[in-house]
Amino acid sequence: MLASMNTWLAEERVGLAAGIGVLLGYALVFLEPERLGPHPFLLASLASAVLGWRLGLRVALVLGLLGLLLQAWWLGLRLPAWGKEPLESVYFLAGGLFPWLAGLIRYRFVRKVKPPAEPLAMEERHTELTLFSRVGDELARDLEPLGLVRGVVDTLCQHPRFEGVAAYSPEGGGLRLLWAGGRPVLPDRFDASHEAVLQAARSARKRVVPLGEDRLLVVVPLPVQGRVEAVLLAVGPAAEISPRDLRFLEGVAAQLSLAIDRSRAYEALHEQETLYRTLLETLPDGVALLDGSRLLYLNPAGLRGLGYAQLEEVVGRPLADFVHPEDLPRVAERLQRILAGEPDQAEEVRLVAADGRVLEVEVHGVLVQLRDQKQVMISIRDVGERKRQQARIEYLAYHDPLTGLPNRRKLWEEAEKMLLPDRRRRDTPALIYLDLDNFKLVNDTLGHPAGDELLCQLAQRIREVLRQNDLLVRMGGDELAVLLPSANREAALAAAQRISRVFQQPFKLGGQVVYAQASLGVALYPEHGQTLDELARAADVAMYQAKQSRTGIAVYDPALDVNSLERLKTIQELRRSIQEGQFLIWYQPILALPEQRVVRWEALVRWEHPVRGLLSPMEFVPLAEESGLVGELDLVVLRQAVREQKRLNRGLAVNFSASTLAHPHWVREVVRALVEENLPPEFLWIEITESALLPERQRWLAGLVALRGLGVRVALDDFGMGYSSLAHLRQLPVDLVKIDKSFVKGVGRDSAAENILKATLQLAQAFGLKTLAEGVERREQLEWLAHHGCNYAQGHYIGPPLSLQEALSRGRAL
């Protein structure tokens with residue numbers, strides 16, 4: 001603007017000087033108005049006319065009006081009687097008319113006489129318009145911010161007075177080059193040493209920075225929503241860059257800022273659209289869009305649920321193609337309510353898939369406005385699977401997953417209904433308890449899968465001999481129960497006998513044929529109990545009475561209930577003895593065959609009962625297992641045997657049941673016992689039964705792995721009599737296998753048994769496992785085992801279980 005003003009003053013300086021000079025002379029009129037008279041007013045009129053000519057029509061009109069008003073005011077103030085002559089009035093009017101006429105003549109003269117613009121100015125104007133047009137094309141061609149910047153910079157490089165153009169983005173405390181065009185005259189980065197350039201970026205105002213003596217750097221910020229997104233820089237000769245060029249660059253920068261702003265908005269919109277589309281296409285639930293009667297859109301989850309592959313297969317089809325005919329009127333009415341603006345609630349409907357399947361779904365609709373049209377967006381969630389899961393959960397809550405029989409919870413629920421006190425009711429329910437005999441032997445010899453199959457076959461057989469309203473349940477383990485809704489003593493016994501007869505035929509378990517037996521206890525209502533708890537206890541006692549008497553079936557007899565009381569008392573005494581440590585440890589020697597000397601003692605527990613005397617393990621260990629005390633018993637035996645080991649001065653072997661491995665602190669107790677007695681870990685063997693190797697108990701073996709890392713050795717007891725195999729042992733933390741005495745018994749008498757034992761020893765050696773043969777009763781067996789590479793032997797020929805004092809005497813004699 002300053003440059004334009006200077007140019008204009010240079011062109012009009014002569015006229016302005018003349019007009020101002022005449023006005024100064026006119027001012028003398030006011031010094032002596034009486035002496036000079038009205039003639040000097042003509043001089044003022046001429047001066048106003050000159051100014052009106054030079055300044056144009058609009059200024060001339062203003063000067064004329066001001067001239068009339070000022071002259072009238074001053075003359076009326078100074079010469080009240082002035083203006084009576086005609087000549088005076090002419091002079092007065094000339095003061096206003098002369099500038100007006102001069103401005104009008106100048107206006108008409110300039111329009112008609114003024115020569116056309118110079119060719120150079122026209123060319124510059126054409127260049128600017130061309131570049132503006134190209135900039136517009138570049139801004140319309142790209143939507144990516146960097147692409148916009150590149151297009152504009154490359155276009156500006158075509159400006160004749162711009163030697164180089166570049167765009168920079170703020171980064172850290174400086175400016176980083178985004179894109180440059182023209183000659184490489186600008187650096188890749190502006191840092192703190194270019195304060196003027198950085199100031200323009202911070203203040204968001206244009207700056208012109210000199211570069212040397214003959215160059216100018218024009219810095220134009222590109223603000224987007226109040227923040228400088230980038231900076232546009234142009235370099236050119238200082239003598240050639242004009243204010244017009246600066247205005248042109250500012251205009252381009254403004255257009256680029258708007259384009260970047262639009263680009264950011266488009267990017268945000270595109271990201272939002274991508275997010276919503278991704279969300280819609282990855283939702284596990286179906287989403288549909290309808291106009292009230294036709295399907296307009298269905299997301300991939302909905303397509304998969306209805307059995308369609310492409311969206312084109314469903315778009316435009318009527319609602320009746322997808323909704324079950326019985327639900328269609330209700331759904332159509334519901335859609336109309338939603339379109340009318342009523343809020344919707346989740347509701348279950350039935351849909352028909354492409355293959356005709358009926359799907360149970362939960363739908364919820366919402367009104368949406370798309371392209372000035374009301375439409376309904378519906379979320380579709382398959383509740384069929386949820387219902388099936390709920391039914392499955394409810395089924396499992398009341399049924400045994402293995403056999404499919406109702407469980408204890410179902411029994412209690414049904415029994416409560418039957419046992420409600422009702423004087424009008426004459427039904428007398430009965431309860432039968434059933435327990436398989438020697439079921440543990442089946443599990444240990446044939447494996448738990450075989451035991452599970454036995455239970456399933458048994459359940460099916462018992463179902464076939466019961467009445468329709470009789471309830472057969474699995475109580476847990478190998479115990480079953482039958483609730484008879486109406487049965488007297490004879491009917492209950494008849495039902496028990498029918499159940500007992502199902503055991504007359506063998507069970508086929510894999511490739512084995514197994515005969516099974518069971519003990520059944522019968523309890524009658526209300527004779528043996530008024531509640532289910534009382535009936536269940538009576539049936540349980542009767543079942544144990546049948547097991548002890550080996551009669552197979554027994555009706556509850558209160559006179560014989562002392563046995564159950566005795567059993568409960570024994571359990572209490574066993575628990576107290578475990579807490580007080582009232583056990584004796586007997587020791588059986590283990591002979592190392594290569595050295596032919598006793599190197600280790602196996603700890604065997606005995607219970608010194610205060611009334612019944614010394615009890616062998618078979619008399620109380622099963623009871624400990626049933627009552628859940630065997631884990632604590634094993635740890636008591638471990639601690640006592642470790643304390644006595646120093647006196648024996650030999651290695652120690654301790655038996656652990658599978659239940660002990662489930663004890664939460666058993667590993668810590670083993671380590672503590674070794675540390676307290678300063679016993680090296682390698683002196684301890686832990687013997688586990690084969691039931692500990694079952695797949696469902698593999699998680700218990702982590703403790704064995706940890707102890708083996710300390711040096712404790714692990715032995716597998718009674719190998720070959722149950723679940724395990726040598727191939728399976730390769731992946732288990734076992735160092736030694738104890739071969740059951742049934743394999744050793746045939747040595748010297750049965751060549752087939754010898755071959756089996758020989759193969760077992762060879763395979764164990766191949767797998768890197770030590771071997772110990774149990775049940776050595778003759779010297780011939782001992783020599784055969786030593787000859788065929790067995791590492792250890794144990795049995796009455798080597799030595800029976802001994803008390804601590806006997807073991808000490810035997811140890812001193814060795």
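**Entry 1: Asn-649.** I looked up Asn-649 and found it in the loop between helix H20 (630–648) and strand S22 (651–656). Helices (H or I, at least four residues) and strands (E, at least two) are DSSP runs, numbered from the N terminus. Phi of Asn-649 is positive, about 60°, although the residue is not a glycine. I noted Asn-649 as exposed because its relative accessibility is 56%; exposed means over 50% relative accessible area, buried under 20%, and partly exposed in between (1.4 Å probe, protein chains only).

**Entry 2: the model.** I am reading a predicted model, in which local features need pLDDT of at least 70 and side-chain atom pairs count only at pLDDT 80 or more, while totals for chains, interfaces and linings use all residues. Residues are numbered from 1 along each chain as its sequence is written, and side-chain values use heavy atoms, with hydrogens and water left out.

Entry 3: I found Asn-678 in the loop between helix H22 (666–676) and strand S23 (684–688). Asn-678 has a positive phi near 55° and is not a glycine. Its relative accessible area is 65%, so Asn-678 is exposed. I then looked at Tyr-525 and Pro-526, which are joined by a cis peptide bond with omega about 0°. Pro-526 lies in the loop between strand S17 (518–524) and helix H17 (532–549).

**Entry 4: nonpolar cores.** A nonpolar core is a set of buried Ala, Val, Leu, Ile, Met, Phe, Trp, Tyr and Cys residues joined through side-chain atoms within 4.5 Å. Which residues have the most contacts inside the largest core? They are Tyr-587 and Phe-656, in a core of 68 residues. H20 gives the largest share of this core, nine residues. I also found a second, separate core of 34 residues, with Leu-436 and Val-514 among them. Leaving out residues up to four places away in sequence, Phe-656 touches residues including Leu-638, Trp-666 and Ile-686; contact means heavy atoms within 4.5 Å.

**Entry 5: a sheet.** I followed an open sheet of five strands in the order S13-S14-S12-S17-S18, with mixed pairing. Two strands pair if DSSP finds at least two bridges between them. Strand S13 (471–476) and strand S18 (553–555) are at the edges with a single partner strand each, so one side of each has no neighbour in the sheet. Strand S12 (residues 430–436) pairs with S17 in the antiparallel sense over seven bridges. Asp-435 stands opposite Ser-519 in S17.
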